Protein chains: 4
Amino acid sequence: MRTRAQYLERLSKMNRNLYSNGEKIDRLDPRQEGALNVMGLTFDAAWDPASKDLCTATSHITGETINRFNHIHQNSEDLHKKQDMTRLLCNKVGGCIQRCMGIDAANAINAVSYEAQKSPKAKTAYHDNFLKWLEWFQSEDLVASCAQTDVKGERLKRPAEQIDPDMYVHVVEERSDGIVVRGSKVHISEASISDEILVVPNRALQKGEESYAVCFAVPSDYEGIKQVVHYHLNRKRDFFQKGIETGYTDSYIIFDDCFIPWERVFLCGEIQHGGIAALLFALFHRHSYSGCKPAALDYVIGMAGLAADINGIDKTHHVREMLSRLIMTGELGYAAGYTASALAKPEVYMPGMGMVPYGPGSYIPNSIYANVGRCLTGEAVFHEQEILCNIAGGMPATFPFEKDLMNPETKALLEKYLNRNPKIPIEDQIKFWLNFIDFGLSGYAGTSQYGNYHGGGSPIMEQIAITTQYDLESKKDIVREIAGMSQRKK
Amino acid sequence: MRTRAQYLERLSKMNRNLYSNGEKIDRLDPRQEGALNVMGLTFDAAWDPASKDLCTATSHITGETINRFNHIHQNSEDLHKKQDMTRLLCNKVGGCIQRCMGIDAANAINAVSYEAQKSPKAKTAYHDNFLKWLEWFQSEDLVASCAQTDVKGERLKRPAEQIDPDMYVHVVEERSDGIVVRGSKVHISEASISDEILVVPNRALQKGEESYAVCFAVPSDYEGIKQVVHYHLNRKRDFFQKGIETGYTDSYIIFDDCFIPWERVFLCGEIQHGGIAALLFALFHRHSYSGCKPAALDYVIGMAGLAADINGIDKTHHVREMLSRLIMTGELGYAAGYTASALAKPEVYMPGMGMVPYGPGSYIPNSIYANVGRCLTGEAVFHEQEILCNIAGGMPATFPFEKDLMNPETKALLEKYLNRNPKIPIEDQIKFWLNFIDFGLSGYAGTSQYGNYHGGGSPIMEQIAITTQYDLESKKDIVREIAGMSQRKK
Amino acid sequence: MRTRAQYLERLSKMNRNLYSNGEKIDRLDPRQEGALNVMGLTFDAAWDPASKDLCTATSHITGETINRFNHIHQNSEDLHKKQDMTRLLCNKVGGCIQRCMGIDAANAINAVSYEAQKSPKAKTAYHDNFLKWLEWFQSEDLVASCAQTDVKGERLKRPAEQIDPDMYVHVVEERSDGIVVRGSKVHISEASISDEILVVPNRALQKGEESYAVCFAVPSDYEGIKQVVHYHLNRKRDFFQKGIETGYTDSYIIFDDCFIPWERVFLCGEIQHGGIAALLFALFHRHSYSGCKPAALDYVIGMAGLAADINGIDKTHHVREMLSRLIMTGELGYAAGYTASALAKPEVYMPGMGMVPYGPGSYIPNSIYANVGRCLTGEAVFHEQEILCNIAGGMPATFPFEKDLMNPETKALLEKYLNRNPKIPIEDQIKFWLNFIDFGLSGYAGTSQYGNYHGGGSPIMEQIAITTQYDLESKKDIVREIAGMSQRKK
Amino acid sequence: MRTRAQYLERLSKMNRNLYSNGEKIDRLDPRQEGALNVMGLTFDAAWDPASKDLCTATSHITGETINRFNHIHQNSEDLHKKQDMTRLLCNKVGGCIQRCMGIDAANAINAVSYEAQKSPKAKTAYHDNFLKWLEWFQSEDLVASCAQTDVKGERLKRPAEQIDPDMYVHVVEERSDGIVVRGSKVHISEASISDEILVVPNRALQKGEESYAVCFAVPSDYEGIKQVVHYHLNRKRDFFQKGIETGYTDSYIIFDDCFIPWERVFLCGEIQHGGIAALLFALFHRHSYSGCKPAALDYVIGMAGLAADINGIDKTHHVREMLSRLIMTGELGYAAGYTASALAKPEVYMPGMGMVPYGPGSYIPNSIYANVGRCLTGEAVFHEQEILCNIAGGMPATFPFEKDLMNPETKALLEKYLNRNPKIPIEDQIKFWLNFIDFGLSGYAGTSQYGNYHGGGSPIMEQIAITTQYDLESKKDIVREIAGMSQRKK
């Protein structure tokens, strides 16, 4: 396992293919620092005695101790631990811990490549390739992003119906030594600070869309790849320092006729498995949200609780009622993930067939519970902001600038008039509100809300998953029986 | 274990102390038949090979096989099974299975009497008394109700502040051979078809309210007890028979200076344990709702699904979206209960102390998860009705009477004009809508909705439990750390 | 203008074509009494000095004083008065006043027949026919129902696509002296106690659906018509009398090849005007809801307020908050109707053309405001029930039967234990809860809720009307201007 | 009436008392430009033939034409026009027009000073003073802010209970020539670009709080006043220019023992009228929200509509449904304001007395309708953001920076991959998303949301106003009558 320093060291040596704000930037550019601070924690935590049990695992390939973010889930316990690790680490940064995409994509590809390799038409030994890549990835303790979301062009048209066929990443050429891919994946969190990128399809596919059924791994600074990076930073503080500086980045990853050698290809042309790869990454990722979203709620609850304390309204009925709403959302989200882990099996849902065994035996969370939990917490994002706004009052919207709080002509007057609770030091009150603004009233806040709402699949995607996979007929049978109706033909 | 017939046989011999609609009635009165049909199923299911694993347990006292409804939970597995048994049986009746109060009260008293007996001031050997009663209760396979809700008089006043001190059931006399109690417990489901009644306090108590801290068991036809019974029946059918006739009853149980011998007294004067008894029964009961409410949702989902089928709108987006809402509510409620079972411990929450060991080692569900689940599903009741109304359209509100559907002058015309889906036999459509009306547009429906909303504690009670017991300070600490505030004093 | 007695007298002489519960019944059958009590009030109020200004109008045909329920709106003031009359009268019965369909259908047909008669292809002098009918209708002070809702068969198919063409009422034969119609209109409120029935189409129509574009008036006991009647009654009281007995009825009106003479035909084959007739009746009717729904809220507010008083929680924050929700719904609904009246014009919306002059100058409420108001109040129905349930607690679900409250063996005990507020006489508390049950927990309640939700058009219908008719492009232009985008081509 | 240029000219000459970001700044500082652009429009519009009818009025003092923002409402028509002027102007800036506080405060003080002057104990001729000030203010066409919100210290304590008595602005000395005031008003929009500041109390007052019952006018650059200014700016554009640059400012106005001469004092010590002044400013201001909030919705609707167009999902059911929600909120808010204007009277609500005549005859909007409208639209703010987020998808959260869109190495690739709708020029799509980000995902956005939620009074304040002023007893009487209960004593 690597240290934070080793992680940064390797990044510093990568090729320059990041574009941001009109420039080409280094991976250790100051604008990436917030995000690097966060990712660094996933290395620290694996060495920290207080968290190493949760944050490491035993590789099922080598038997060695590895970072849990690079592990293939062998049982329900692994899934429980992934959920708890995610909540723990997110609680340290008050937001996304940013390394879950690698584990979620690896687990999805692990199962899909296994099944696809069985076919006599397989173009290469997908699963063997994957296991070799995985062993290297685990032992080097690398960080992977997952590139799933395509630009999609006209949204009501399928990949093959688009005027421009590149609206979904696809294979434009098959060679003896590998494939050439073209297209762009967007909203790819932390691709600019990752070592590797795992690419999976974006959706279910049908005949004629074979070229879109492609999974592979690629170094994030690879030739033929351009990343256009959007960084998200909190306002820099001049005087009132935070406990931790955080940030994150998103990339448009553009595959400009990028060549991928066969040993890094894990799926190529199998439309059914391509659709399952899309579904499975989403499923594992929604399960990850059962760790990070309760953590996000923990943070909101703490924020709401402190705002109420400072405002002196912590005992009022309407504040208690709002706190209970936040707790309900967070803990129902956690319970859904917990149950999804406990009821996990090496199975996937197939339309018309229900649940069927899939993959080499690694564990897949229960899809219904993973989806109901993600949907609940995803939809709650803006209501959480409303609760914070309600409890905080107008204060954060017009809070003085740091420099006015230090200007001798205004400092004492502002401290006199800002003080709302004599039991809490005024400096703590100031730091609290500045942090509150970062979380709820900044550009950083706005993008986080969009991420929390759409990341891992918009609520409508979970609703589709839920109604598609739920055994509706058995529920109708309950009614048919009680109402005395004639029974369905079995 | 008894059979349904043995259960009915014993009831038939009980003293007549039931008053309903101005008359004294027998326990096997036709108006009680619907409720008896339901309760009878809990006996059938314990013998039925398909369900006996779930519906029976091994007594921790005698080692004998007993009905699970009379069991003390020895571990998480027992709680998982209680939840699943409840969902299974509720699915057979499309509503409440009506025997959970006995198990929930017994588990609460088991823990409370154990702790109370430790005190040198204990007035009798509470726990020994309870175990003796329990062994008899288990081996005779009896049905118990739990009488918790007091009439409460002026609701913002405490028991001891009421003008009439009888607004909460209390001890009015202590004798050498037992105690005399007075007051009335209300909304007591199925007391009129139970063998025994377990009485527990309604709320937290303080000094000066010792007489209200009382737990005991009493036969439901005991001297000094009058039950005023409200029965709830579906409309009787003339032609279109249902698959099962169900019903339920509620009693006002009036203790008119009723004498209870010491061997049936499990708590008498210990205010702290009295409050815990109130809390624990509520907690176990809210956990039971994690079985019955998902079942209620199963029924609503089936109803909504069939209504959509008949109306031919099952594929429309807005119907799918509403179905996903119903599924989310039911399965999040289930997940909350599942997690409450998995994280159960022999512990209770004590104000100012957090979780502390309590009772003889029997398992108590995690309170936060039991409460968030119950609150979610309780609050959803009227929204579920709205969804059913939305999908059904106006049809159920003006559906013809059965006799018009059979009158030769109108039958053919009505069948012609009622038919909405040529693939579903018209008789099935008719039976469906009649059942739909029973469930959503009848007096039976109205009372069920109130029961589902308030039973086991109104949503506001769960919100109070949640905010009281949640570790809010640890969430504030997360924020203090990140915001760079000075830390709380530990 | 007639008196209540004259109204009943005329009904008593009508032909027997009502079928209910397997029998043929008279119009003055006891099961219709509740509904007749309500309708009777519309006659009383027109004579009552306290309400005559609101409840009468001056006929624009004869200049004579007529019941406002039979009036054609000449200006905004007329619409304001219709709204206020409706709220006033609904407040007397705690529900629907049941005579608005006549006025709403008459106003719609007045405009449509005027436009249709202009065409050289008009099959008869539609508007002349209508004015002649209207003059007679006004001077005789008759009651009209409006039959709009067809059975609709397979709901996603248009009228002409149905397997059975009779799923929408249509003309099956045109003769020299009139037309023959077939089909069934359903959910027709108060048709069984009305003198006349006005028939209008159910939806927009297209080429090939000419036979469905038909409007006419027919006596409600006419040859060729069968009504299958569903009556809705409150529970009869034995001891605790209410201030007024109310009820209502719905009919399936079956046109079994019913002949209509030309002088009663107001539209026949004009598909465009047929669609507008459907839209206009709905629009006028939704405007009527701006009177009755605020009244319904008045009733709910009063109920909630008294329940809180009796329960002694009227000062608590959460009750005040819930009351404010109810007030908001009612008064926003009223304001929407008020604004729809104030901005009324003799115009209708035409797809692609926006608002265009229509009809002989009579006033048509603004469609956007009428629709947003109806949608808001329609959607609130079940939430109102939740609020009532929340404030009332479990009491109404298990309230003793009247006879138990009078039985000497239980009366005193029940009165002791039911009493929650020493300042309110126990008899008043009892009457309150019995009335509460009628309103919220009875079969009557269930059907009312469905009526309040779907009547005048389900919320989804209003949403469609709103988005179809709203000038969305002008809103986009605001954004285009500010964002600096190139402007839309005008 | 002044021109925009004259307005700026006068500001340029004011004393420097603005502090922002650690500096003292000029009133024409670039950071104030966005706000000045907006305020300037209120001058342009009064001269513009297209809007002058709406944006000017005839002074009831001088009979001269004045800017409507400085007018005292003489009738309902004036209120209708204020609402429509506000909506019109807000539509030009996609946000707050920023001049309504002057008109709302002036109308409140006009009534209050009139009543207070009647008292023999009046300390000066309050109303005469006010009229003299007003005449000057109108003829000079000045801009006024209103300073109402105090810092409030410990929020559950009254002004006189605070440890520091300066937590609410109050009179610390009465002299023969005037008064000395101390304290700080916060969140005062546009005080840094106004000519005058009108000060009114923040809340109802009681005996012992006389020093807090004070109204006066003061130039915004007056001696003894410091303004700590928070400016809110959209991101500056390098390439893709917007149609208008907007911004706004808020001030902490600190009265550091500021002397006010008697001729500028309009209330001083009259606690009852002080409370009414607080209430009346809030009421007029909530009425202003019936203009600006529908405009805000117009903007959101346009934004949602264009996002749906670009994403190609404008015809889908769920988008139509969300659009209908937005339209409902905006138009119900408008209808509430319209009705509040139409039912306006020269009356205020007095606890225990209901509505009573108040002031010199100027018109006061109906309080119930003004409050229900403001509450509805205030509460909807975050839900509107959710709808925008839902329709937009993840795009705005990760949208490339302007400079990347112009960088030759990435420009063509980004334009290829960003294009979602071939019918809309890519430059328009880019400008749209950049503007979308300004509105929903920026610091500017966050503060706007807080302003829209809390400005004019948080939703809970309106709920309190509604339940306090509503005639609840008359609603209970409706129920008492129907339920047959004994009637309330009148």
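Visitor: How many residues does helix α2 of chain A have, and how far does helix α2 of chain A reach from its first C-alpha to its last?

Guide: In this predicted model, helix α2 (residues 33-47) of chain A has 15 residues and reaches 21 Å from its first C-alpha to its last, close to the 21 Å expected at 1.5 Å a residue, where the expected span is 1.5 Å times one less than the number of residues. Helices here are DSSP runs (H or I, at least four residues), as strands are (E, at least two), numbered from the N terminus. Residues are numbered from 1 along each chain as its sequence is written, and chains are lettered from A and ligands numbered from 1 in the order in which they are written. Local features need pLDDT of at least 70 and side-chain atom pairs count only at pLDDT 80 or more, while totals for chains, interfaces and linings use all residues.

Visitor: Which residues of α2(A) are buried?

Guide: A residue is buried if 20 or more other C-beta atoms, placed from the backbone, lie within 10 Å of its own, exposed if 12 or fewer, and partly exposed in between. Among the buried residues in α2(A) are A:Leu36, A:Met39, A:Phe43 and A:Ala46.

Visitor: How many residues of α4(D) are buried?

Guide: In α4(D), 14 of the 18 residues are buried, so this helix is largely enclosed by the rest of the structure. Just after α4(D), D:Gly94 takes a positive phi of about 60°.

Visitor: At what angle do α5 and α7 of chain D pack?

Guide: Two packed helices are described by the angle between their axes and the distance between the axes. Helix α5 (residues 100-117) and helix α7 (residues 271-311) of chain D pack at an angle of about 150°, with their axes 8 Å apart; axes are lines fitted to C-alpha atoms, for helices over the stretch in contact, and angles run from 0 to 180 degrees between N-to-C directions. The contact, in which C-beta atoms placed from the backbone lie within 7 Å, includes D:Met101 and D:Ile109 of α5(D) and D:Leu280 and D:Phe284 of α7(D).

Visitor: How many residues does each chain give to the contact of chain B and chain C?

Guide: This contact takes 61 residues from chain B and 61 residues from chain C. On the side of chain B that touches chain C, α14(B) gives the most, with nine residues.

Note on methods: Two residues are in contact if their C-beta atoms, placed from the backbone, lie within 7 Å.
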